Amino acid sequence: MIMELMAPCHFGLESVAKREIFDLGYEITKTEDGRVFFKGDSEAIAYANIGLRTVERILLHIGSFQAKSFEELFQGVRALPWEKYIPRDGRFWVTKASSVNSKLFSSSDIQSVSKKAIVEKLKETYALERFPEDGAPYPIRIFIKKDIVTVGLDTTGASLHKRGYRPQSGEAPISETLACALIMLTPWKKDRILVDPFCGSGTFLIEAALMARNIPPGINRSFTAEGWDNICPASMWKDCRRDMKSLIIEDVHPDLQGYDIDKSVLRTARDNAREAGVDDIIHFQQRDVSKLSHSGSYGFIITNPPYGQRIGDEDNLFELYNKLGEAYRTLNEWSMYVITAYEDAEKAIGRKADKNRKIYNGMIRTYYYQYLGAKPKWNKR
């Protein structure tokens with residue numbers, strides 16, 4: 001059965017998610033702010049959950065309609081083909097409802113009305129007055145934007161940024177999915193040097209290592225849809241994991257280095273890398289950003305420095321970014337990518353970025369400053 005799936009992603013990074021989904025072999029049907037829709041069969045649910053690096057979750061798109069009143073919401077949800085997806089013993093609830101620029105805005109009321117509508121529909125289908133709801137979970141998510149309601153079944157469970165290797169994190173971590181998307185916005189490849197001088201819990205470097213070895217980000221975690229025998233049989237998940245494991249390349253040893261001045265944070269980074277199975281290819285060291293150096297050429301700095309809203313002292317930020325800029329200028333033909341909310345970052349670094357991209361890190365508006373070095377000579381031949 002061919003279905004339409006939805007992949008929520010970071011706002012402004014839809015193009016990265018689209019490319020990743022396309023490379024996995026699926027047809028993009030449409031793109032909205034913070035969401036990419038694509039077609040796939042039941043196997044696509046497994047491959048997308050296990051293999052995609054930049055999206056937050058995979059939703060099975062049940063349907064969309066317009067609703068400006070709760071009666072329209074009730075009738076619209078009730079009309080959807082729930083019997084195709086939720087079995088007689090399925091445990092279903094509306095786990096989240098969100099609304100933007102719409103007549104309906106109360107999340108709790110949207111959840112309550114939608115649940116009642118689904119119950120009424122399935123009462124007719126299964127000729128039941130009460131549902132046991134003792135089977136597999138079928139969590140439902142509802143998004144309303146400009147009065148258009150989009151309804152999806154959550155196949156994922158815990159967000160896809162939870163790879164399973166980072167039980168602990170530093171004081172202001174960047175999410176794994178955002179880190180991957182930012183790396184993918186650069187020309188970095190596994191044969192190029194990568195340094196993060198503010199590595200914190202090591203997310204950039206660990207995600208780069210997983211990419212270098214082609215290790216699927218979700219290979220070691222479970223997903224809600226693994227209990228959906230009516231849609232995704234257990235044997236299919238087993239086959240998918242086996243196929244994706246066969247594509248892992250162990251004999252890859254990229255030059256990945258992470259520095260931080262905080263010893264305890266570095267211990268966490270090493271623990272995380274060990275949990276991810278890539279601690280053998282990442283070098284972590286206690287080092288101030290002013291000591292950043294490397295003898296190699298055409299390398300990359302990709303980093304998330306302090307920017308005063310979560311950690312760091314605002315008064316010291318200019319000096320910190322100034323040190324980063326000075327260190328960068330000593331490197332031979334390197335590129336540098338910095339995500340930060342610090343407004344004077346370019347001034348402190350001492351050079352206007354070649355490119356700049358606005359990105360939201362959680363609820364914080366940040367900018368991704370891109371300083372482009374020369375292409376390696378071997379790429380010019």
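Which helices and strands are included in what covers the buried residues of α2? In this predicted model, where residues are numbered from 1 along each chain as its sequence is written, local features need pLDDT of at least 70, side-chain atom pairs count only at pLDDT 80 or more, and totals for chains, interfaces and linings use all residues. Side-chain values use heavy atoms, with hydrogens and water left out.

Helix α2 spans residues 42–51 and is mostly covered, nine of its 10 residues being buried, where buried means under 20% relative accessible area, exposed means over 50%, and partly exposed lies in between (1.4 Å probe, protein chains only). Helices (H or I, at least four residues) and strands (E, at least two) are DSSP runs, numbered from the N terminus. The buried residues of α2 are Ser 42, Ala 44, Ile 45, Ala 46, Tyr 47, Ala 48, Asn 49, Ile 50 and Gly 51, and what covers them includes the strands β1 (3–8), β3 (35–40) and β4 (59–66) together with the helices α1 (14–23) and α7 (234–245).

Helix α4, residues 107–126, has 20 residues and reaches 28 Å from its first C-alpha to its last, which is close to the 28 Å expected at 1.5 Å a residue; the expected span is 1.5 Å times one less than the number of residues in the helix. Its buried residues are Ile 110, Val 113, Ser 114, Ala 117, Ile 118, Val 119, Lys 121, Leu 122 and Tyr 126, and these pack against α3 (70–78), β5 and β6. Lys 121, which lies in helix α4, counts as buried because its relative accessible area is 13%. When residues up to four places away in sequence are not counted, Lys 121 touches Arg 78, Ala 79, Leu 80, Pro 81, Trp 82 and Glu 83, contact being defined as heavy atoms within 4.5 Å.

Just after α4, Ala 127 takes a positive phi of about 55°. Asn 101, in the loop between β5 and α4, has a positive phi of about 50° although it is not a glycine, and Asn 101 is exposed because its relative accessible area is 61%. Glu 133, in the loop between α4 and β6, likewise is not a glycine and has a positive phi of about 45°; at 24% relative accessibility, Glu 133 counts as partly exposed.

Val 278 is placed in the loop between α8 (263–276) and β10 (282–286) and counts as buried, because its relative accessibility is 0%. Leaving aside its neighbours within four places in sequence, Val 278 is in contact with Ile 206, Ala 209, Leu 210, Ile 215 and Ala 273. The C-alpha atoms of Val 278 and Ala 209 are separated by 6.4 Å, although the two residues are 69 residues apart along the chain.

Tyr 337, found in strand β12 (residues 335–340), is buried at 1% relative accessibility. Tyr 337 and Ile 302 are 35 residues apart in sequence but 4.7 Å apart in space, C-alpha to C-alpha. Not counting residues up to four places away in sequence, Tyr 337 touches Thr 186, Pro 187, Phe 300, Ile 301, Ile 302, Thr 303, Tyr 368, Tyr 369, Gln 370 and Leu 372.

Grid points are joined across faces, edges and corners, and a volume is the space filled by probe spheres set on the points. The largest pocket holds about 940 Å³ of space and is lined by 27 residues, of which Pro 8, Cys 9, Phe 11, Gly 34 and Lys 96 lie nearest its centre. At least two lining residues of this pocket are supplied by each of β5 (91–100), β6 (137–145) and β13 (355–361).

Definitions and conventions. 1 Å grid on protein atoms, 1.4 Å probe; cavity = no way out; pocket = protein on both sides within 12 Å on 5 of 7 lines; lining within 4 Å.
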